[in-house]
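Morning, everyone. Please bring up the model and have the sequence beside it. I'll talk about rings, then the ligand.

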Amino acid sequence: MTFLPTGEQLAFARSLDAMLAAADTPAAVRAWAGDDPDPGRALWGRLAEAGVCALAVPEEYEGMGPLPVELAHAFVALGRHAVPGPVVETVAAAVLLGELARLGDRGPAKRLLPALATGERTATLALAGAEDVRGGTEDVRERALPYALDADRADTVLVVRGERLWRAPGHGPVRASADPARRLARPASGGELLAEGPAVAVAAERARRWAMLATAAQSLGVGLALLDRTVAYARQRSQFGTPIGAFQAVKHRLADTLLALEFARPLLFGAAVGLADGHAPDGDLAAAKVTTGEAAYTAARTALQIHGAIGYTEELALSLWLRKARPLRDAWGDPATCRAAVLRACS
Amino acid sequence: MDLSYTRTEEAFRAEAREWLRDHVPAEPPPSLETAEGFAAHRAWEAELAAARWSVVSWPEEYGGRGVDLARWLVFEEEYWAAGAPGRVSQNGVQLLAPTLFDHGTAEQRARILPPMATGETIWAQAWSEPEAGSDLASLTSRAVRTDGGWLLSGLKTWSSRAAFADRAFGIFRSDPEADRPHRGLTYLMFDLRARGVTVRPIGRLDGKPAFAELFLDEVFVPDEDVIGEPGQGWRIAMSTTGNERGLMLRSPGRFLAAADRLVRLWRSEGDPGDPALRERVADAVIGARAYQLFTAGAAARLAAGAPSGAESSLNKVFWSEYDLALHETALDLLGPEGELADGAWAEGYVFSLAGPLYAGTNEIQRDIIAERLLGLPKGRR
Ligand SMILES: Cc1cc2nc3c(=O)[nH]c(=O)nc-3n(C[C@H](O)[C@H](O)[C@H](O)COP(=O)(O)OP(=O)(O)OC[C@H]3O[C@@H](n4cnc5c(N)ncnc54)[C@H](O)[C@@H]3O)c2cc1C
């Protein structure tokens, strides 16, 4: 066993990181949160050029995948730079379409996948499990449907309800998230029925796993960025004539944050390797999701506390990551759901 | 030891409950961290004051009811249980007023307290500076002697609600030659609309202009607005920070009501099959009760004449961490819906995030607890 990234994986991660560092992502995030999606879309284009959008797409649809380990590396970088938009959801949509094709229904993949792989188009996705949509009034069924991230800005809005895959005709009102760069709306019902049958549910499950992996990786990146910035601040901010990083209370809190992140990282990559090997590491994925999510939230709490009042403002770029940590922790499997999945996988 | 309320206390409770039942707005007003909400909360303060409920523990001559701490605690229980609005006049009532009671002149009390009680004058606290937060004594804003008063210059920051408030109180360096940073400071009050004051609102995490920076350029303050003796600012300020951390800032009533709301949320939204969440809800209930009883003990000791000391640091660490844990539990109960910024719990959560920072960070409070209550050696600071 060699549980280390290959030279190529490292080089890929480093080049993405360098590209994003040079791209002024904070400005793109703020614009995305406001009225201007263009800088975010431009960023998307560059990520696509670097191959990020192709990682979850099979080769026959212009992809390079599926490559979950590379995807995890890429999404750590996306989190580190707080890249806005339906990045996870586009990956999950690609997995859904690719899996449907593998199971025999190639129509939707042929139509939609190549454009997702090249980054020409973006997608978002809402998955409602079978049990969520059975019975109840229309109103109850609607509320059981999750929000689709950036449904107002993605080119394609996909919805799975039980065993049906729809292309939604639009979306409901956009609701504000605690992270202003996350735009939440429920997809409108109806639209075009793209596929139907048990394969849809199987493909949706696979999409959900990849979404968990990508979100976990993004969380880790967010946590690492928060820690980096906070360490830098603690070295430079002085009170009582001393850099605050010299105070033991500050040191220990930062050390604990590093511990949390460094023990989440192997779970993330372990789960990615499991996905690559083709077995279904449900417990591993859930463990990675809950651990990276909690570690990033710990990092956010630490960052806020160590920055003092200045960390509590939206003016400081730190806020872009602070406000991401908690929503990511709860997206695509909140901690309670993930912990339950870990235990289910034990028996 | 006795946990039952006296007949006077129960009568007071009944009177407060009845008034609140008839007057608390059915729809909560907008957030007091916005211009619109600030105005609505100011109007609410006036309504409270008209029935003399705005400052129940103050002497009657200033608009209060002169009740003791026990009845103040009873009032707070009723206030928060009734779902009444947050208190926009908090900084003045809890920090400046006790300072004036201890160190102000009769003239200052008569002039300043009644409009504070009615919400006509809302006060901001102007202590922190960009380079002087935890190390407040290193502040550099100046007060320079002039004819009949002082000229204030410098930069104050993180001043809660200063974007909409009327006046501010703060400490300033009046003697730069003093041998130690804690000496040579003077405690003054000034008008936020005076010539030379520029207020720049700062957006907090959720974008609301909850606090502001104050640029001061030779702002004139007359002698009558100096509190205590010039040069004694530090001592005066420190004698009242206990209030900021202690009982008055966060009453147990507030947390009892919040724990109650949490239990209701758990019943309606929660997953009773999730034991970890269930345990955290139970812990919130237990924590509120612990804080209530701890506070009852502290109030009784104060009533018996004991000084309020480093104990207030215990309070501050407890309520700030409690408040945050309670709100985190609520958001976890809501699951993905907890992400919504306009949800009923969202504002409380954002507010609770700052609890471990303001009124002295919890790191500093833990040092105080360790050094003053446990007698551990003083660390390097
Ligand atoms: C919501 C909010 C409202 C506020 N309202 C007001 C107001 O109305 N008026 C006002 O004057 N101020 C206000 N403040 C400012 C508040 O008092 C300061 O934020 C606080 O004193 C901390 O100062 P700082 O932000 O400069 O952090 P710093 O002092 O720079 O501290 C940064 C970090 O270092 C830690 N640290 C510093 N020194 C030590 C030490 N010796 N040992 C261990 N750790 C240490 C701190 O605990 C913190 O984690 C408010 C702050 C907030 C967040």
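Tyr291(B) is buried, at a relative accessible area of 2%. Buried means under 20%, exposed over 50%, and partly exposed in between, with a 1.4 Å probe and protein chains only. Phe318(B) is partly exposed, at 34%. The ring centres of Tyr291(B) and Phe318(B) are 5.8 Å apart and the planes are at 10°, so this pair is stacked. Rings of Phe, Tyr and Trp (its six-membered ring) pair if their centres lie within 6.5 Å; planes under 30 degrees apart are stacked, over 60 edge-to-face, the rest tilted.

A word on the source. This is a predicted model: local features need pLDDT of at least 70, side-chain atom pairs need 80 or more, and totals for chains, interfaces and linings use all residues. Residues count from 1 along each chain as written, chains are lettered from A and ligands numbered from 1 in written order, and side-chain values use heavy atoms, without hydrogens or water.

Over all chains there are 22 aromatic pairs. Take Trp127(B) and Tyr187(B): centres 6.3 Å apart, planes at 90°, so edge-to-face. Both are buried, Trp127(B) at 5% and Tyr187(B) at 0%.

Now the ligand. Where does the ligand lie? Between chains A and B. A backbone N or O atom of Trp127(B) is 2.9 Å from a ligand oxygen. For Glu363(B), a side-chain N or O atom is 2.8 Å from a ligand oxygen. The shell around the ligand divides into 14 nonpolar, 10 polar and 4 charged residues. Ala, Val, Leu, Ile, Met, Phe, Trp, Tyr, Cys and Pro count as nonpolar, Asp, Glu, Lys and Arg as charged, and the others, Gly among them, as polar.

Definitions and conventions. A residue is near a molecule or strand if one of its heavy atoms lies within 4 Å of it. A polar contact is a pair of N or O atoms within 3.5 Å; within protein, one must be able to donate a hydrogen and the other to accept it, and residues adjacent in sequence count only if both atoms are side-chain atoms.
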